[in-house]
Amino acid sequence: MTSRHAPHMWRWLNRLRASDVSQGHLGLRREWWIFSALLLAACWWLAGPRQLERSNLLVQDLATRLQQRPASPEVVVIAIDERSIEAIGRWPWRRAIHAQLVRHLSAQNPKAIGLDVLFSEEDLDYPADDALLASAIADSGRVVLPVAQDLAGRPVGQLPALVQAAAALGHVQLRVDADGGVRSFAPRAGLAGQSHLHLGLAMRCVAQPQDALCAPQPADAPPALQYIGFASGNPAFTTYSYIDVVRGAIPASAFRGKYVVVGSLATGLSASIATPTQTAQHTPNVVMVAQILNGALQHTHATLASATANRLFNALPVLLTLLALALLGPSAALAACVLLWSATLLTATLAPLWWQLVLTPAAALLLVALAYPLWSWRRLNAAARFLEHEMRDLGRSGALAPLQSGLMGQDMLAQRIQAVEQASRQLRALHHFVSESLLQLPSPTLVCDPQGRILLANSAAHRYAQSLGQTLQERQDVQLLLAGTRENESQGPLFDPQTLAGGQASFQHEGTDRLGNHLLLVGRPFAAPPTTGWLLTLVDITHMRQAMAQRDQAMHFISHDIRAPIGAIVTLLEMDRTFGHRAADSAGPLVSSDTEVRIERYARSALALADDFVHLARAQQQPPRQEAVELGLLLEQAVDDSWAAAHAKLIDIDWMPQEAEALVTGDPGQLRRVLGNLLGNAVKYSPAGSTVHCSITERPAHWVVVLRDEGDGISPEQQATLFQPFTRLAQHEASRIQGVGLGLAFVHTVMQRHGAVMELDSTPGQGSTFRLVFAKR
């Protein structure tokens with residue numbers, strides 16, 4: 001690649017910048033910040049109390065059903081069921097029967113007895129029964145009675161005598177959620193001006209008064225809710241019929257060391273409570289008391305997290321989702337969203353089991369599920385607008401051919417996809433064209449980074465490296481490739497990495513590599529974000545420098561070698577005009593005869609020089625004719641042309657024509673002059689009385705003309721420059737033998753143009769042998 005190609009490549013690389021890409025990226029980033037702020041604000045609001053309540057209840061129900069475990073064997077239920085009512089009679093029963101049950105159970109030594117029956121009014125039919133029941137409760141010392149409130153919110157308590165006899169009182173109020181289900185209870189509730197534990201917890205305190213939950217609480221303590229850890233099974237607890245216990249049909253050990261809860265399971269006597277358990281969707285109150293007691297024993301009840309904790313819990317997966325959308329690709333971001341959604345649901349489900357904490361994840365689940373499609377819509381919309389804008393700009397700039405219009409009936413997205421496919425095909429073709437153009441450039445071309453490491457090299461660069469005995473490697477330093485190459489002016493290294501690291505302007509330096517080639521190093525920076533670097537081109541100017549040297553030699557030849565004989569002729573003519581008239585009056589000519597001889601000699605010399613110069617120039621510029629040539633005939637003609645000069649020096653030319661014709665293809669005029677020059681030089685530089693040997697030999701596919709003299713010979717150092725124009729051997733420069741060094745240059749040029757080879761064997765003091773090897777015709 002010549003230096004004029006480099007600006008085009010540099011401009012093309014600079015066009016790869018995409019400022020609009022940066023602007024579009026910044027716009028999308030700004031939208032992400034706005035989108036994130038809105039999503040986090042929505043999360044903070046939706047995660048507050050009473051927001052998305054029903055959705056959160058669904059998650060709590062799922063957690064409840066997954067975490068159910070078998071009930072504690074210490075809890076036993078005595079059911080007032082249909083069979084007991086059928087045996088004893090319609091409800092309400094005489095309180096003496098309840099007194100008998102209490103005494104029977106107390107004899108079994110249970111931990112506590114929870115009698116979930118309200119005795120709010122005196123028994124007018126059997127007044128003595130109230131005293132009997134109070135006495136039995138007092139004698140037991142471990143009976144807990146319930147207190148409640150009616151539909152109007154008024155407290156409903158027990159008879160004063162029963163209150164005084166009971167070991168403790170417990171409320172049986174339950175909190176009803178928005179969907180009508182019961183999932184939580186208040187550990188303490190205030191009724192009739194007093195604070196009471198729940199009936200199940202009160203039973204626990206009767207058996208274990210030192211438990212922390214039994215400690216008295218301040219009257220102004222804020223009410224706290226606990227979520228019930230339901231036990232599995234249907235029924236969940238060991239249940240005995242009331243009538244069987246009263247009749248003594250149950251073994252005595254059935255209630256020893258147990259918590260016994262007595263209450264109604266009969267239809268119409270007990271309120272049916274909706275619960276989230278798998279086994280019983282509607283649960284009687286006595287079973288709810290047992291569930292609360294069981295949860296206290298197994299520590300399965302959970303507390304609702306604070307509003308701030310819930311908001312932070314919901315905000316965390318939303319924030320991570322936003323980061324995934326900003327940092328990851330579409331597929332990875334979708335996987336991250338699914339993973340975060342699942343992790344949030346799993347954490348909320350397992351939190352009651354791990355930390356006895358109820359979390360409300362509905363806000364996070366909703367927003368994580370919506371974040372991906374919403375942001376994908378925004379990103380797709382921005383990408384579509386950007387692609388449309390870029391393709392329109394590329395079409396206007398001429399980088400792409402005009403895009404075909406979308407098909408009728410296609411929606412906008414399909415049309416844009418079609419346009420992107422068409423633009424991609426054109427860009428791939430353009431990239432392939434540029435890559436192939438770079439690889440096929442005739443001059444070694446390198447693309448390197450600012451540190452001088454090669455990123456891309458074309459075929460010419462690889463060939464140049466091979467000529468230096470190297471193999472280009474990826475990320476190889478340019479300095480290693482150009483090691484030994486010197487700049488002509490400073491004689492320092494042609495390539496300096498600091499030039500790339502510290503400069504932004506183009507440069508060009510001229511130098512010579514270790515093979516003697518003249519190189520022009522042209523460097524231009526390029527920037528194709530995110531890649532920046534340099535485009536380096538090595539232009540081989542060896543032929544140009546050689547041509548300049550030949551021009552200088554020709555000018556020297558014209559100004560000196562040709563002007564010298566012509567100037568001598570002019571001087572002699574002027575002398576003849578000046579002194580010729582005097583010679584006419586004298587007895588004979590003064591200088592006329594000598595002047596003529598000298599003029600003739602100088603004229604012939606100038607003519608020979610001009611002739612040699614013209615023949616050399618013609619051989620260099622014009623292709624030789626291609627004719628059948630017989631080398632024996634040409635050599636015989638050359639011998640005839642040199643006979644006079646050889647005879648004058650008493651030199652014998654040994655030539656014996658051969659019978660076979662040595663036919664080759666070439667220009668007969670140029671080849672005859674080649675043989676004449678070589679034979680003339682042999683005669684010219686051979687000592688008097690010596691012999692010049694001429695012959696034609698045969699090789700399998702070649703004819704060889706052999707010319708051997710007995711002259712001074714040529715040293716190896718002189719052989720290196722023997723065929724350059726205007727070059728003469730050192731021993732001949734001071735001699736009277738005339739010449740300017742064009743003969744052998746002509747011989748060398750003609751042999752190259754004919755595809756022939758010239759071989760030289762010479763030893764100083766032993767003569768020289770020239771062999772001209774021609775391909776047979």
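**L650 lies in the loop between helix 20 (631-648) and strand 26 (652-655).** The model shown here is predicted: local features need pLDDT of at least 70, side-chain atom pairs count only at pLDDT 80 or more, and totals for chains, interfaces and linings use all residues. Residues are numbered from 1 along each chain as its sequence is written, and side-chain values use heavy atoms, with hydrogens and water left out. Helices (H or I, at least four residues) and strands (E, at least two) are DSSP runs, numbered from the N terminus. L650 is not a glycine, yet its phi is positive, near 60°. Most residues other than glycine have a negative phi, and most peptide bonds are trans. L650 counts as exposed because its relative accessibility is 65%. The classes are buried (under 20% relative accessible area), exposed (over 50%) and partly exposed (in between), with a 1.4 Å probe and protein chains only.

**S690 occupies the loop between helix 21 and strand 28 (691-698).** S690 is buried because its relative accessible area is 5%. A polar atom of its side chain lies 2.6 Å from the backbone oxygen of P687. Such a polar contact is a pair of N or O atoms within 3.5 Å; within protein, one must be able to donate a hydrogen and the other to accept it, and residues adjacent in sequence count only if both atoms are side-chain atoms. Setting aside neighbours within four places in sequence, S690 is in contact (heavy atoms within 4.5 Å) with L650, I651, D652 and E710.

**Helix 21 runs over residues 668-685.** Its 18 residues reach 26 Å from first C-alpha to last, close to the 26 Å expected at 1.5 Å a residue. The expected span is 1.5 Å times one less than the number of residues. At the start of helix 21, a side-chain oxygen of D667 comes to within 3.1 Å of the backbone nitrogen of G669. The buried residues of the helix include L671, V674, L675, L678, L679 and V683.

**Five strands form an open sheet in the order 7-8-11-17-18.** The pairing is mixed. Strand 7 (175-176) and strand 18 (357-358) are the edge strands, each pairing on one side only. Two strands pair if DSSP finds at least two bridges between them. Strands of a sheet pair through backbone hydrogen bonds, either parallel or antiparallel. Strands 7 and 8 run antiparallel, joined by two bridges. In that pair, V176 has V182 as its bridge partner. The two strands form a hairpin with five residues between them, and G180 in the turn has a positive phi of about 85°. Strand 8 (residues 182-185) is also joined by two bridges to strand 11 (residues 226-227), again antiparallel. Here S184 stands opposite Y227, and F185 has Q226 as its bridge partner.

**Helix 3 (residues 53-67) lies across strand 7, strand 8, strand 11 and strand 18.** It runs at about 90° to strand 8. Axes are lines fitted to C-alpha atoms, for helices over the stretch in contact, and angles run from 0 to 180 degrees between N-to-C directions.

**C205 and C214 form a disulfide, with sulfur atoms 1.9 Å apart.** The search criterion is a pair of cysteine sulfur atoms within 2.5 Å. A search of the whole structure finds one disulfide. The link of C205 and C214 is left-handed, with -100° about the S-S bond. Both cysteines, C205 and C214, are buried. Elsewhere, C43 is buried at a relative accessible area of 0%, and C337 counts as buried at 5%.

W91 and P92 are joined by a cis peptide bond, with omega about 0°. P92 lies in the loop between helix 4 (82-88) and helix 5 (95-107). N234 and P235 are likewise joined by a cis peptide bond, with omega about 5°. P235 is in the loop between strand 12 (231-232) and strand 13 (238-241). N109 lies in the loop between helix 5 and strand 3 (112-115). Its phi is positive, near 60°. N109 counts as partly exposed because its relative accessibility is 44%.
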